[in-house]
Amino acid sequence: NGVSFDCDHFYCNECIELYLKTKIIEADVIEILCPDPSCEHILESKTIKKLVHSSIFSQYRQFIILQKLRAEPNCRWCPNVNCEEAVIGDEKSPDFPKLTCKSCEHEICFHCAEAWHNYPVVSCKKNQKNKRKTLSKENKKAERATKKYLKSEKTVTCTRCKFLIQKSMGCNHIKCKCGYEFCFLCKETIIGGGDYPLHYRTGACAGLQFSSRNSLTIQRKILRGVITPLRYSLLLPVLPLYGSYKVIKYFNNDEETNDNNNNNNNN
């Protein structure tokens, strides 16, 4: 017994059921294609329903909803540990950026997805600092351990949707499923996108789009503080382009010298 799709590819029932079950368990559900590597035929939901057990299809539907919510740029997740319901922000609402969870009525800040903190009187950054001050020594220690672990695993948090993203290899230009684009090295928002964004042609991350390093050197962090406002045209009247070029050249030369010294010491 087997099944044939509209693309004319034929599979036995056991093979296609195992293929679909694996896809669903791994939450790879947005576009499930025909198993043939050369085929781009997308399997419809009604077809998948006929080929897998009802419990697996229920998982499929749940994952579809979750994936679509994560792709929604205005979606935030309720920070209440007993709820964690999805909340869609409406910028036209008179209460915006304050959101209210319909499930538990918990009030949320749209910008940082934390409990409401009277924004903009108390900024998201200030709220985070205030929260850390109230943490116990044990919790602070656990927080540092978590950050250290995430860094070792090359895992960062999307600034917009708070989804954890792990980079195993390749490009430092991160594109979250919610649509937000940022740099893995410095966490700065990437505007314009494309295959070779401006972010990797100027400033602290210049030439590092495909670098395997996990963070910026001290020199490049200092440079980022100088160049980032310039990139968004905030310092153009006071900082000449030639001056910024000299700064970039200085730090690049200094970094190359340090790398050469390290190589000589290793030899």
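## Helix 4 and its lysines

Lys 125 sits in helix 4, which spans residues 124–133. The model is predicted. Lys 125 has a relative accessible area of 62%. That is over 50%, so Lys 125 counts as exposed.

Lys 125 also belongs to a surface patch of positive charge.

## Salt bridges

Side chains of opposite charge can pair when their charged atoms come close. The model holds four salt bridges.

Glu 114 pairs with Lys 131 in a salt bridge. The closest N and O atoms of Glu 114 and Lys 131 are 3.1 Å apart. Glu 114 lies in the loop between strand 6 and helix 4, while Lys 131 is in helix 4, so this pair ties together parts that are 17 residues apart in sequence. Glu 114 is partly exposed, at 21% relative accessible area. Lys 131 is partly exposed too, at 36% relative accessibility.

Lys 23 forms a salt bridge with Asp 28. Here the closest N and O atoms are 2.9 Å apart. Lys 23 has 21% relative accessibility and counts as partly exposed. Asp 28 is also partly exposed, at 35%.

Glu 44 forms a salt bridge with Lys 46. The closest N and O atoms of this pair are 3.7 Å apart, which is within the 4 Å cut-off, so the pair counts as a salt bridge. Glu 44 is partly exposed, with 42% relative accessibility. Lys 46 reaches 56% and counts as exposed.

Trp 116 is placed in the loop between strand 6 (107–109) and helix 4. Glu 114 lies in the loop between strand 6 and helix 4 as well. Trp 116 has a relative accessible area of 23%. Buried means under 20%, so Trp 116 counts as partly exposed.

What does Trp 116 touch, leaving aside neighbours within four places in sequence? Its contacts are Pro 97, Lys 98, Glu 107, Ile 108 and Cys 109. Pro 97 is 19 residues from Trp 116 in sequence. The C-alpha atoms of Trp 116 and Pro 97 are 9.1 Å apart in space.

Definitions and conventions. Residues numbered from 1 in each chain as written. Predicted model: local features only at pLDDT ≥ 70, side-chain atom pairs only at ≥ 80, totals over all residues. Heavy atoms only, no water. Patch = residues over 30% accessible without salt bridge, like charges linked within 9 Å, V, L, I, M, F, W, Y side chains within 5 Å. Areas by Shrake-Rupley, 256 points an atom, 1.4 Å probe, with all protein chains shown as cover. Salt bridge = Lys/Arg side-chain N within 4 Å of Asp/Glu carboxyl O. Lys, Arg positive; Asp, Glu negative; His and termini not counted. Charge placed at Lys NZ, Arg CZ, Asp CG, Glu CD. Helix = DSSP H or I, 4+ residues; strand = E, 2+ residues; numbered from the N terminus. Buried < 20%, exposed > 50% of the residue type's maximum accessible area, 1.4 Å probe, protein only. Contact = heavy atoms within 4.5 Å.
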